[in-house]
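Open the structure in your viewer and keep the selection tool at hand. We will take one chain as a whole, then walk along one of its parts.

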Amino acid sequence: MNRQFHRLRVPAVLAFLTLFPLVMPYQALAVNILIFGLYAVGFNLLFGYTGMLSFGHAAFFGIGGYLTGIAMLDFAVPWPLAILAGVLCAMLGGGVIGFLAIRTRGIYFSMVTLALGQIVYYGFYKAEGWTGGENGLRGITVAPLHLLGIPIDFLNPLTKYYVILIFVGIALWFVSRVLNSPFGAVMEAIRENEKRAAACGYDVVRTKLLVFVLSAGLCGLAGALRALHLSIVPIDSLHYLQSGQAVMMCLLGGMGTFFGPFVGAAVYLLLEDTLTNLTSHWMGAVGIIFMLCVIFFPKGIWGSVLDWIEGWVVRSPWHPR
Amino acid sequence: MADLSPQLLALQLVTGLSLGAVYALLAIGLSLIFGMMGVVNFAHGAFFMVGAFLGVYFLGMTGSFWLGLVIVPLVTGLLGMVTERLFVRPLYGRGVDYPLLLTFGLSYVLIEGIRMLFGIEGLPTATPVQLRGAVNIGIGLFPLYRLFLIGAAATVIFGLWLFVEKTRYGLIIRAGSRTPDMVRVLGVNMSRIWLIVFGLGTAIAGLSGALAAPIRGVNPEMGIPVLAESFVVTVVGGLGSLLGAVTAGLLVGVVYSMTSLFAPDFADLSVFVLMAVVLLIKPQGLFGKSGYMG
């Protein structure tokens, strides 16, 4: 039952995301939820499934965005290849930061990733010639592309949504594949008990580093897609608060669940969208909601829903006892 | 580049020490809470920021800088105790990530709270009248306020050392950080000790904010880089070690001020590079016990 459920999760999520923009108040928000959902999925791979709480993932989100933009602006690379460049650079960054950070664990890991993330922020901030410094990287335009005779116009928000969804779909399939593999089982073993996983003969250090790099690549992809979406890369995408956003979305939605990050991203962005109309101090409200979630709903929204469903199934008369 | 006389270098070194004094205070506040409860306070920078705002506010209200230095730690300490009692306490025994996430959420609330009370722009700051000007310290003129920072930090650190090492309460704290259950069996109310230690940590954070306000400026987001910098100091020094916090604080301050003399563009980066180097060579920090980081 469980295994079949897992096999269905990617089509199920994609079916939902395909219909999703039709129920949204406006498409730009739907595109944002898609991108930040992917960002949270990448983060979740590390935090939710491997138990490593990074506070520096904005670095990869930002690197992905900046390098995609730089490839397009300074090297006139076509955008699909530029995305690839952004993702590869984010993975490279993930390799370097991960190599340093996994020398520590637990709370230290959070502190070290935060500090290393600051290096990337300051570095990009100072490299004005490439990155535009404080103003961010501007003027990224996506040239209309003809794919198999079908024109793809990025100015149409719905078209943009579905083009981005293709990338998100590939990423989700990849994540699902990783989680179902023996490697995914080792990840969860490390989360549950690192020493025991090591004692069972698994190479804990290599697994952690690989997960870190994969997670960085996914967050880099999210950043790259956002660069195309906004046509600028704000310097804030490297900021500590951007790292915090991944943490919040992941926890609100449900860490260690497949669909949770999207739920978290949707709730966070809808909350932001609603609250900014009411008060300029919406961050405080988000902070309070997050604190309440940590205390009362540590499994997050989707995690709690899954719990209820499971309880309901177990208690139902059809469940074999 | 200006000609590098030994005098200039020496002055820059003292400047670094005065920066480092604040770093050391911050790191001690973090270390104290961690050593006792295994909790890393992600709102540490926010408490620092609240302290800075309150310090400037009290200075404007009462006209006395010194009174502010007494009131600010009391207020932030109280705030910390409320935090521990209401929010952190339900999370004990649930894994190290939860208090960390909670205090992270709290930092948002504190930042927005300050924005509501004082606006988003920040407050103008000035060096208190009694501490303006410069004095000759043998190698040249040095700002009096920075000298005062070194003295103030040293006093607080010494006081804290006396408290932890020489008093009955300090004895309970030291014992409790090793085996809380044993101390509880001996009839000590550990919950109250944790409450006090958390309050003490945030009081020190607030005090460092009030002390640093005249040289750092005051705005609601000032706590964010401070949090990152105090993490650098604790990682370099090794968490849970008083000596480590002080040494690493001063080292980080000196590295920062020396880089800003030779390569101002890299000053912000230099301390993080220092941390990366320490991680490569000695992952548990200069004074850390190897057990802490694994």
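Helices and strands here are DSSP runs, numbered from the N terminus; a helix has at least four residues and a strand at least two. Keep in mind that this is a predicted model.

**Stop 1: chain B.** Select chain B and colour it by secondary structure. Start at the N terminus and follow the elements: α-α-α-α-β-β-α-α-α-α-α-α-α-α. The radius of gyration is 19 Å, close to the 19 Å that the globule rule gives for 294 residues, so chain B is as compact as a globular protein of that length. Its C-alpha atoms fill a box of roughly 65 × 50 × 35 Å along the principal axes. Of the 294 residues, 50% count as buried.

**Stop 2: helix α11.** Now select residues 267-281 of chain B. This helix has 15 residues. From first C-alpha to last it reaches 22 Å, close to the 21 Å expected.

**Stop 3: the buried side.** Which residues of α11(B) are buried? Show Asp268(B), Val271(B), Phe272(B), Leu274(B), Met275(B), Val278(B) and Leu279(B). Turn the view to look down the helix axis. The buried residues fall within an arc of 145 degrees, so they line one face of α11(B). An α-helix has 3.6 residues a turn, so residues three or four places apart point the same way.

**Stop 4: the neighbours.** What do these buried residues pack against? In chain A, select α4 (79-101) and α5 (107-126).

Conventions
Residues numbered from 1 in each chain as written. Chains lettered and ligands numbered in written order. Predicted model: local features only at pLDDT ≥ 70, side-chain atom pairs only at ≥ 80, totals over all residues. Expected span 1.5 Å × (residues − 1). Buried ≥ 20, exposed ≤ 12 C-beta atoms within 10 Å, placed from the backbone. Arc of directions from axis to C-beta. Contact = placed C-beta atoms within 7 Å. Rg over C-alpha atoms; globule rule 2.2 N^0.38 Å.
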